[in-house]
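Thanks for coming. Please bring up the model on the screen, and I will go through it in a few minutes.

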Amino acid sequence: MTARDDASAPSAAPPDGTGEPLVVLSDVQKYFGELHVLQDINLSVAHGEVVVVIGPSGSGKSTLCRAINRLEPIDSGVITLDGQPLPAEGKALARLRADVGMVFQAFNLFAHKTVLQNVMLGPMKAKNVKKSEAEADAMRLLERVGVANQAQKLPAQLSGGQQQRVAIARALAMKPKVMLFDEPTSALDPEMINEVLDVMTDLAKEGMTMVVVTHEMGFARKAAHRVVFMDDGRIVEEAEPEEFFSRPKSDRAKDFLSKILTH
Amino acid sequence: MDAVVSNFDLYWQGFRMTLVLTLISAVAALVLGTLLAACRVSPVVSLRWFGATYVELVRNVPLTILFFFFIFVAPQIGIRTPSFFVSACVALSVYTAAFVCEAVRSGINSVGVGQAEAARSIGLTFTQTLQLIVLPQAFRTVVPPLINIFIALTKNTSVAGGFAVTELFAIGRRLANANPADVIPVLVGIGVCYLILTIPSGILANWVERKVAFAR
Ligand SMILES: Nc1ncnc2c1ncn2[C@@H]1O[C@H](COP(=O)(O)OP(=O)(O)OP(=O)(O)O)[C@@H](O)[C@H]1O
Ligand SMILES: [Mg+2]
């Protein structure tokens, strides 16, 4: 972690503020029965921006992430992607999801398919890409995340870190406009966390728009343009990473940071 | 014993009919049952309702009643089939499909929700998600219960014997009536014929179960 921590200033230049934001959530409300999990959420993410979402367990971070590709439908408010409101269930929604890459905490690689097939499947089935082309693309991506030599194995034969990198390659294969990461490293053994964070940092440097739920402060400092702190279903505080970690404004953020720092 | 040996051709005829009834109904029930299971996990409420109602209705009615319906009642309301044989296949398929549906549905539920979420999040439609990701994994856990369902189906074909389809059971009854002195060997012969069909299925089920266990 030391290599990461000394990079105190965000190394990626903040995205230019020109043009429409890519992802916009306005007045989003979401309930699970009685529980108000997302309350008055307003958030917009610019093209090329990297937003880290942080907050205590149960604060609604995953739900926020999942709402952006409508894995979780919202009760009111509007979410737009590139100016288009999210469609309801159906073909249009499937097309939209192809533009939003998602990486899960539990990897969720297709257990009955090889690593290579995992990466090729989306382009072939959702975008009608030719097999040869999909395969070449998939191999390039696997190369890029450093697991090309595992292409013919089943996911269960890979380490957690390798599986998560395959999951990133699978999402990238769809050439998404934005990538969502829901605690991508929290199911990993400590020695595997960095190999995944490195891939994500490279992605951020290349200008990918990213929403990342993570407690990895090193990553936030190094790659994020903005930190969004959530508590009890609300966005409590937003700031540049350095500002947020060294001078949190709200008491809840201070309290939360003191807890994760002592760990 | 003579009654068995001298009527070997009748046994053979009944055996083939039972086999054909079983195979046709098994394939039809597999297709129909899988579609019903897809209804039961579909995001569309009316489809879920349809699937659940079908299963509850069909599963809880005696098979004989279904035969009675398809052979005597259905023609009166305009649903005609070319023969009793076809009606028997329909009744057996409709009945067995309800059980197949429940087995496939529990198989679908055994596949983690993460698999379907990952599939949807790379832009696959509901149908593609089911067809490419969930069902292939579900079928591994579903094969053993499915084979049990098909063993029950093999035995259930005997109901067709009561509705003028000349399968094993009908042959057995005819031979038993014609040879009162040989009832025991006649019926043992019929039983053996069923065992010839069901025991290999059971062995197949065990083999598949072991095979699947290794593949994990
Ligand atoms: N499907 C669901 N049904 C009912 N309640 C749910 C469901 N999913 C999440 N919740 C509840 O909603 C709240 C927010 O959950 P969410 O998973 O978004 O939190 P989180 O911030 O991601 O937490 P964690 O850090 O533990 O992952 C929690 O109280 C959780 O128990
Ligand atoms: Mg979460």
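I start with a term: a salt bridge here is a side-chain nitrogen of Lys or Arg within 4 Å of a carboxyl oxygen of Asp or Glu. By that rule, one salt bridge crosses the interface of chain B and chain A. It joins the side chains of B:Glu117 and A:Arg66, with N to O at 2.7 Å. In general, side chains of opposite charge can pair when their charged atoms come close.

Some housekeeping. This is a predicted model, in which local features need pLDDT of at least 70, side-chain atom pairs count only at pLDDT 80 or more, and totals for chains, interfaces and linings use all residues. Residues are numbered from 1 along each chain as its sequence is written, chains are lettered from A and ligands numbered from 1 in the order in which they are written, and side-chain values use heavy atoms, with hydrogens and water left out.

Now chain B. Chain B has nine helices and zero strands, where helices (H or I, at least four residues) and strands (E, at least two) are DSSP runs numbered from the N terminus. The C-alpha trace of chain B spans about 70 × 50 × 25 Å along its principal axes.

Back to the interface. The area buried between the two chains is about 1800 Å², and carbon and sulfur atoms give 63% of it. Buried area is the accessible area (1.4 Å probe) that two parts lose on being put together, summed over both. B:Arg120, B:Ser121 and B:Ile122 supply 32% of what chain B buries against chain A, more than any other three residues.

The rule for polar contacts finds seven residue pairs across this interface, both residues at pLDDT 80 or more. A polar contact is a pair of N or O atoms within 3.5 Å; within protein, one must be able to donate a hydrogen and the other to accept it, and residues adjacent in sequence count only if both atoms are side-chain atoms.

Next, ligand 1. Which residues surround ligand 1? Among them are A:Phe32, A:Pro56, A:Lys61, A:Thr63 and A:Glu183, near meaning a heavy atom within 4 Å. A polar side-chain atom of A:Ser57 lies 2.6 Å from an oxygen atom of ligand 1. For A:Gly58, a backbone N or O atom is 2.8 Å from a ligand oxygen, and for A:Ser59 a polar backbone atom is at 3.2 Å. Within the shell around ligand 1, α2(A) gives the most, with three residues.

Last, the whole structure. A search over all chains finds 21 salt bridges. One within chain A pairs A:Lys177 with A:Asp99, the closest N and O atoms being 3.7 Å apart. The pair links distant parts of the chain, 78 residues apart: A:Lys177 is in the loop between α6 (160–172) and β7 (178–182), and A:Asp99 in the loop between α3 (91–98) and β6 (100–103).
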